[in-house]
2 protein chains.
Amino acid sequence: MIAVYGMAVSGNCWKAAQILRLTGHAFRWVETDGNTGATRTPAFLAINPNGKVPAVVLEDGAVITESNAILLHFAEGTSWLPAPGLARTRVMEWLFFEQYSHEPYIAVARNLRSYARTAAQFPERMAQCMERGAQALALMERRLATHDWLTDAGPSVADLSLFAYTHVADEGGFDLAAYPGVAAWVARLAAVPGVEGLRRAAG
Amino acid sequence: MIAVYGMAVSGNCWKAAQILRLTGHAFRWVETDGNTGATRTPAFLAINPNGKVPAVVLEDGAVITESNAILLHFAEGTSWLPAPGLARTRVMEWLFFEQYSHEPYIAVARNLRSYARTAAQFPERMAQCMERGAQALALMERRLATHDWLTDAGPSVADLSLFAYTHVADEGGFDLAAYPGVAAWVARLAAVPGVEGLRRAAG
């Protein structure tokens, strides 16, 4: 059976479980918490020398890392990834945007504020996260104010990838009420059968 | 004719020109320097509302952004991108690694040190770039110490993407002599017919 090494509160790890559920793959989850050193043990480094989760171990032992590469791997041949050409390229644009311009600010703000709880120690870092995170949400709003999904191909791995940290962006201090198109899209994707939201911080 | 809006010294912009050359597409280059405000003019924002280069304008007017999405778009159906399956997924892993774990440190160090020349003003930022950049190069070395290319599929867009800022990493203060597998790979890719290195800082 496929094994997913991941942290339950991580949006990047959520992507792996979510695409496996949506594409009908059974898997077991191996909770692996980077904050407690579990990604630095010899056993885990033998699985992923980069020491990062998520890491998906296939039945033949091959290991896939990088959350958006995992999304693409299991989406190939399904409705979650359009055929090659401009339709697929639109999905790719959003996936690289997510890792470069969205996750480093929106996921990091959430971690500093609600998990590591060190936002007060890093005010400049937090301020940068809020500024750049707002820019990322504004870019999404420009599309989602007038469209149901991030690309014209219908719900795709682009939507799953951006949903990961956007639907819990409030934990980083972002108010989605300021981005009504984004908020409506979050509700729309959450209503797709098989889509399950991420675990939230415990109070 | 295809138009590429980009900065000649940018590795991300280099990727667009390089894949077009390698796949036999004629194009014109429109020098667009973010440092002089050229990416913030109304004319450019009409092309890419995100205000970033590279932006590739196809003959029908469609615009493609995100450097690694541009690589993938033009590589589809060529030897630079293997068929779907684990071979392609290996390429995707490196492309997302490049944008998340390599470019933000190695490209930024180069800019601070050799172009913006503000490394002395931002010592903590520069120190982070050197630490994380070294980690990225060490990860590449682990593969390239014993293999010719980043994936088993032969030279691919993964190699082009990582080459962009690695072959000029010395401008950021990284010494590739410490990574002999990476240095040999840089020379190997530079020797592929059609591959041209990036313009360097003028002294």
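Guide: This is a predicted model.

Visitor: What is the phi of A:Arg117?

Guide: Most residues other than glycine have a negative phi. A:Arg117 is a residue other than glycine, yet its value is positive. Phi of A:Arg117 is near 55 degrees.

Visitor: Where is A:Glu66, and is A:Glu66 buried or exposed?

Guide: A:Glu66 is placed in the loop between β4 (63–65) and α3 (67–75) of chain A. A:Glu66 is not a glycine either, but has a positive phi of about 70 degrees. The cut-off for a buried residue is 20 or more other C-beta atoms within 10 Å. A:Glu66 has 26 C-beta neighbours inside 10 Å and therefore counts as buried.

Visitor: Which residue does a cis peptide bond join to A:Val53?

Guide: Most peptide bonds are trans. Here omega is about 5 degrees, and the bond is cis. The second residue lies in the loop between α2 (42–47) and β3 (55–57) of chain A. It is A:Pro54.

Visitor: What is omega for the peptide bond from B:Val53 to B:Pro54?

Guide: B:Pro54 is found in the loop between α2 (42–47) and β3 (55–57) of chain B. The peptide bond from B:Val53 to B:Pro54 is cis, and omega is near 5 degrees.

Visitor: Which element gives the most to the side of chain B that touches chain A?

Guide: In the contact between the chains, 22 residues of chain B meet 22 residues of chain A. On the chain B side, β4 (63–65), α3 (67–75), α4 (86–115) and α5 each supply at least two residues. By type, the residues on that side are 12 nonpolar, 6 polar and 4 charged. The element that gives the most, with 8 residues, is α4(B).

Visitor: Why do the buried residues of α7(B) line one face of the helix?

Guide: Helix α7 (residues 180–190) of chain B has the buried residues B:Val182, B:Trp185, B:Val186 and B:Leu189. They pack against α5 (123–144) and α6 (157–166) of chain B, while the face turned away from the buried side carries the exposed residues B:Pro180 and B:Ala187. An α-helix has 3.6 residues a turn, so residues three or four places apart point the same way. Seen down the axis of α7(B), the buried residues line one face because they fall within an arc of 105 degrees.

Visitor: Which residue of β2(B) stands opposite B:Ile2?

Guide: In chain B, β1 (residues 2–6) and β2 (residues 27–31) pair in the parallel sense over 5 bridges. With helix α1 (residues 11–22) of chain B, these strands make a right-handed β-α-β unit. The residue opposite B:Ile2 is B:Phe27.

Terms used:
Residues numbered from 1 in each chain as written. Chains lettered and ligands numbered in written order. Predicted model: local features only at pLDDT ≥ 70, side-chain atom pairs only at ≥ 80, totals over all residues. Buried ≥ 20, exposed ≤ 12 C-beta atoms within 10 Å, placed from the backbone. Helix = DSSP H or I, 4+ residues; strand = E, 2+ residues; numbered from the N terminus. Arc of directions from axis to C-beta. Contact = placed C-beta atoms within 7 Å. Pairing = 2+ DSSP bridges. Right-handed = clockwise from strand over helix to strand, strands pointing away. Nonpolar A, V, L, I, M, F, W, Y, C, P; charged D, E, K, R; others polar.
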